[in-house]
Amino acid sequence: MSRPLGSRWYGLVDIGGTKTIVAVAEESAIRARERFATEVILGPDDLTARIAAAWERLALGLGLSGLSGLAGLGVSVPGPVDVDRGVVRLAVNTRWKDYRLVDRLRQLVPGVPVVVDDDSNCAGLGEAFFGAGWGTPTQCYVTVSTGIGGALILDGRLYRGFQFAAGEIGHMPVMADGPLCQCGNRGCLEAISSGTAIAQRARERLTASNLLGVPPEAITAEEVFAAASRGHTVCQEIVADAAKYLGIGLASLVQLLNPPLIVLGGGVMNHYQELIAAIRKHMDDHLFAMHRGPLRIVHGVLGEDGGLLGALHLLTTSA
Ligand SMILES: [Zn+2]
């Protein structure tokens, strides 16, 4: 394999609630990857050691001199991060709290720069600089998955807020006295339109009739979408509500920031084609007429690579 002289190599990882993807990139191209289940039982020190071992394996496999061949490490984590101190403040799925991730990685891989940010910000940066949002300096990214998150990219820079908590689009209130959210508040967008919420609504409404052919506790958002496409009225209503409130949430975002572009990603958005007309209609209903036409909404194109490439972007643009 011939490589350009002086090419730089980076270690990347997207730590998810259920799976972790470790990769090595040459400049902006991912050259090798490995994935494993995020075993919560391991604890953060063991998980980070496992990630470092995977980087070393991948780097050696690419003909590099192990970890010392990497010019930087970029990490995406599933929860809010104090980016300045490199501390993961809370990652509910992995049960991390105030974990000094950057210090730990510096022990494991000395002398190599490390950047870390939360998964929504990384996925949004990935789409903005390598994916569906390429070439548009201001844009909002919204991921609709088990939860709902977002990233605000304003004039080419990620806006994090003073506590690194900006872009929590899933916790924007969209329905007064609405369903209870995991965050403890009521009526958050995430409590209505996330995959978790879609499945929960179906469980609440279908318990007596068991209409989806599985026990109510086993219903997933995917089954609700499938039943809706077969003409199941209750499931169609649940999906329609999810789209409606997504539209309302996006309208708030647009009235606040007036972005020219919104990129939608995440697992629920695998149903982008089924949802976008309703999302757009309900959004437009709440917008000034001048916003409606020019504003573009697009589906993300990077899938699981988004978080890795966003971490890479942070790494290559950090001073
Ligand atoms: Zn909430």
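**The zinc site and its surroundings**

Let's start with C188, which is buried, with a relative accessibility of 2%. The cut-off for buried is under 20%, so C188 falls well within that class. Please keep in mind that this is a predicted model.

What coordinates the zinc ion? C188 takes part through its SG atom, together with the SG atoms of C181 and C183 and the ND1 atom of H171. These donors sit at 2.0 to 2.4 Å from the zinc ion.

Now look at how the donors are arranged. The angles among the four donor atoms run from 103 to 123°, and the site is tetrahedral. For comparison, the ideal angle for four tetrahedral donors is 109.5 degrees.

Next, follow the donors along the chain, where their spacing reads H-x9-C-x1-C-x4-C. H171 and C188 are 17 residues apart and link distant parts of the chain, although both lie in the loop between β11 (157-159) and α4 (190-193).

Strand β5 (residues 81-82) pairs with strand β6 (residues 87-91) in the antiparallel sense, over two bridges. One of these joins D82 to its partner V87 in β6. Four residues lie between the two strands of this hairpin, and G86 has a positive phi near 70°.

β6 also has strand β7 (residues 96-99) as an antiparallel partner, this time over three bridges. Here A91 stands opposite W96 of β7. The hairpin of β6 and β7 again has four residues between its strands, and R95 takes a positive phi near 60°.

Finally, look at two helices. Two packed helices are described by the angle between their axes and the distance between the axes. Helix α5 (residues 195-206) packs with helix α6 (residues 221-229) at an angle of about 65°, and their axes are 8 Å apart. That angle makes α5 roughly perpendicular to α6. The crossing of α5 and α6 is left-handed.

Conventions: Residues numbered from 1 in each chain as written. Predicted model: local features only at pLDDT ≥ 70, side-chain atom pairs only at ≥ 80, totals over all residues. Heavy atoms only, no water. Donors = N, O, S within 2.8 Å, 3.2 Å for Na, K, Ca; no water. Tetrahedral: all angles 85-135°; square planar, octahedral: opposite > 155°, others 65-115°. Buried < 20%, exposed > 50% of the residue type's maximum accessible area, 1.4 Å probe, protein only. Pairing = 2+ DSSP bridges. Axes fitted to C-alpha atoms, helices over the stretch in contact; angles between N-to-C directions. Parallel < 35°, antiparallel > 145°, perpendicular 65-115°, else oblique. Left-handed = near helix turned anticlockwise from the far one by under 90°.
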